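Trainee: Could you help me learn how to read charged contacts and a nonpolar core in a protein model?

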Amino acid sequence: MAEPLARVQERPRFRSVADTAALLGMSEVTLYRAIHAGQFPAIKVRGRFVIPSRAIDDMEASALAHGLVDADNYALRPAS
C-alpha cells in the first residue's frame, strides 16, 4: 500500500551551500569560492546562493558513467 501524500517527502529542488558542502564532504568556504569563481553552478537570490539538486544529480550520473567530472563544466558563465 502506498503512503499518503502527506507522508511522502519530496527531495528539495534546491540545496543550501551548507547542505551541499556537507553532502560533497568539503568546507562551505571552498564551495563559496568555487561559486564566486564561476566553477560551480548556483543561483543567487538577493545575496543568498542555492544549488539546484539537479546539477548535483547530473554531476553524479556523469561521474558514474565517465569517471572524473569537473564541476566547472556545469557552471554557466555570463556571456562576454
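Trainee: How many salt bridges does the count come to?

Mentor: This is a predicted model, in which local features need pLDDT of at least 70 and side-chain atom pairs count only at pLDDT 80 or more, while totals for chains, interfaces and linings use all residues. Residues are numbered from 1 along each chain as its sequence is written, and side-chain values use heavy atoms, leaving out hydrogens and water. A salt bridge is a side-chain nitrogen of Lys or Arg within 4 Å of a carboxyl oxygen of Asp or Glu, and by this rule there are three.

Trainee: Which parts of the chain does the pair of Arg11 and Asp57 link?

Mentor: Arg11 and Asp57 form a salt bridge whose closest N and O atoms are 2.4 Å apart. The pair links distant parts of the chain, 46 residues apart, with Arg11 in the segment before strand 1 (14–16) and Asp57 in helix 3; helices (H or I, at least four residues) and strands (E, at least two) are DSSP runs, numbered from the N terminus.

Trainee: Where do Asp58 and Arg54 lie?

Mentor: Both lie in helix 3, four residues apart, about one turn of the helix, and their side chains meet in a salt bridge at 3.1 Å, N to O.

Trainee: Which residues make up the largest nonpolar core?

Mentor: In soluble globular proteins, nonpolar side chains tend to be buried together. A nonpolar core is a set of buried (under 20% relative accessible area, with exposed over 50% and partly exposed in between; 1.4 Å probe, protein chains only) Ala, Val, Leu, Ile, Met, Phe, Trp, Tyr and Cys residues joined through side-chain atoms within 4.5 Å. Here the largest has twelve residues, among them Val17, Leu31, Phe49 and Met59.
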